[in-house]
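Thanks for coming, everyone. Please look at the model on the screen while I talk.

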Amino acid sequence: MMKVFASSMFFILLCILHMSFSCSGQAAASISIAAPMEKAEQEALYSTIQSFVGKWWNGSDLYPDPCGWTPIQGVSCDLSNGLWYVTSLDIGPVHDNSLNCAPNADFGPHLFALKHLKSLSFFNCFVSPHHLLTIPTDKWESLADSLESLEFRSNPGLVGQIPATFGGLKNLQSLVLIQNGLSSKIPTDIGNLSNLKRLVLSQNQITGKIPDGLGSLSGLLILDLSRNLLSGPLPHTLGKLTSLLKLDLSSNQLAGSIQGELRNLKNLTLLDLSRNRFSGGLTKSFQEMSSVEELVLSNNPVGGDIMSLNWQNLKCLLVLDMSNMSLTGGIPDSIAELKRLRFLGLNDNNLAGDIPPRIGALPNISAIYLNGNYLTGELKFSELFYGKMGRRFGAWNNTNLCYPIELKSTGHAPYGVKPCQQEATTLHENISDLDEKSNLGKGDLNHDSHPMVSLAFPSFASNGLCLCYIFLCELFMIALDFSLARFSW
């Protein structure tokens, strides 16, 4: 028995030794193949992070191998010639264990020593109103050969101008500056970024005109300059951005007419020019944008006749918002050809006439707003339509618009619209109808006929009274004859 126990223990010991050897061998192998990191690169990374998150952060103790077995959240590395280099740095509370900025965060000089950096982003980092900061204007040329993406998002404490030196980042593909405190003008040097695919400068305080030089960004896919203080007309050079998919210039102070050069943007899927000061009527270039899915022009004093465009050309349209534009004319019946349309906003204009019933049959429509116009006539949509749309069908504030009175009892009457009044029936029509049905007009008292008398008009039933009088007289004569016969009996 003891021999069996000893043998078992010996076997178990061998297994443990074997597993220990295997694990230590794998660990040794993994350590042996781990690539080193240049000391200068590692120190530059630690110092850069410290300048943003605070001096308390000790990278060498917390993350001795930042590109290996102790990675830092927000830091990505790539191998180059057998060495690790930092290629991506994201500062800010993107994840629970992200690198959060200190109230006194600042740009340290070591940032520009990370010569292999491809992506750099700051999210919600510079937020203190007591520690306003500007973007450094120099040293960006040291990242010109590597940097492809540069983003500053939600940094209200980041003020001042957009550095003109950004124009030297020749490999930059994405420049995103959203919801910061940046002001001044858009640098003309931005037009030098020939590889740029995305330019987003929205929700800042940028002033001045849109530079003509942006028309040189021939490969640009997204241009978003919305929610700023930009003024002046649209530059003609925007028509050169033939690769553009999204153009958003909403919520600025842009003025003048909407240029015909927009017809060249054949790949555009979104055009938003809302909340500006454009005027001069609707350009026919809109009807040539066959690929556009969202056309938003609302809250501009554009004016003009909405009927002047062939809306059926915009086969891809999902959203059409032209509310509050001082538009005239009627609602084009051609809008009913837009089978993909989901939202139609024509409210608060000067539109008149009847509403084409065909727009209620659009297969994908989910909201129609026609309120605040001069539309007239009777709404001719189905009860099913009103039930589906509810208050997403807006037709109120159209004085001479009404709906069929029979809808009143269904609970699906359109909000804010009055029921149509019933037409009064003339005395002549009622009497003629009654004579025809009872044949009294011909003097024919056919006992098989059943004349109908309208209860709604009792004062007009004179023929019925005559008939009752004759009938009573006959009953009286029969009763009298019966009484006389009985008396004589």
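Start with Ser 154. Leaving out residues up to four places away in sequence, Ser 154 touches Phe 123, Asn 124, Cys 125, Val 127, Ile 178, Gln 179 and Asn 180. Contact here means heavy atoms within 4.5 Å. With Gln 179, the side chain of Ser 154 also makes a polar contact of 3.4 Å. That term covers a pair of N or O atoms within 3.5 Å; within protein, one must be able to donate a hydrogen and the other to accept it, and residues adjacent in sequence count only if both atoms are side-chain atoms.

A word on the source: this is a predicted model, where local features need pLDDT of at least 70, side-chain atom pairs count only at pLDDT 80 or more, and totals for chains, interfaces and linings use all residues. Residues are numbered from 1 along each chain as its sequence is written, and side-chain values use heavy atoms, with hydrogens and water left out.

Is Ser 154 buried or exposed? Ser 154 counts as buried, because its relative accessibility is 18%. The cut-offs: buried is under 20% relative accessible area, exposed is over 50%, and partly exposed is in between, with a 1.4 Å probe and protein chains only. Ser 154 sits in strand β5, residues 149-160. Helices (H or I, at least four residues) and strands (E, at least two) are DSSP runs, numbered from the N terminus.

Now the salt bridges. How many are in the whole structure? A search finds seven. Each is a side-chain nitrogen of Lys or Arg within 4 Å of a carboxyl oxygen of Asp or Glu. Arg 153 pairs with Glu 151, with the closest N and O atoms 2.9 Å apart. Glu 151 is buried at 13%, while Arg 153 is partly exposed at 29%.

Next, Glu 288. Its side chain meets that of Arg 263 in a salt bridge, 3.2 Å from N to O. Arg 263 lies in the loop between β12 and β13, and Glu 288 in the loop between β14 and β15, so the pair ties together parts 25 residues apart in sequence. Glu 288 also bridges to Lys 266, at 3.8 Å between the closest N and O atoms. That pair links distant parts of the chain, 22 residues apart. Lys 266 is partly exposed, at 44%.

Last, the whole protein chain. Its secondary structure comes to six helices and 23 strands. Of its 489 residues, 42% are buried.
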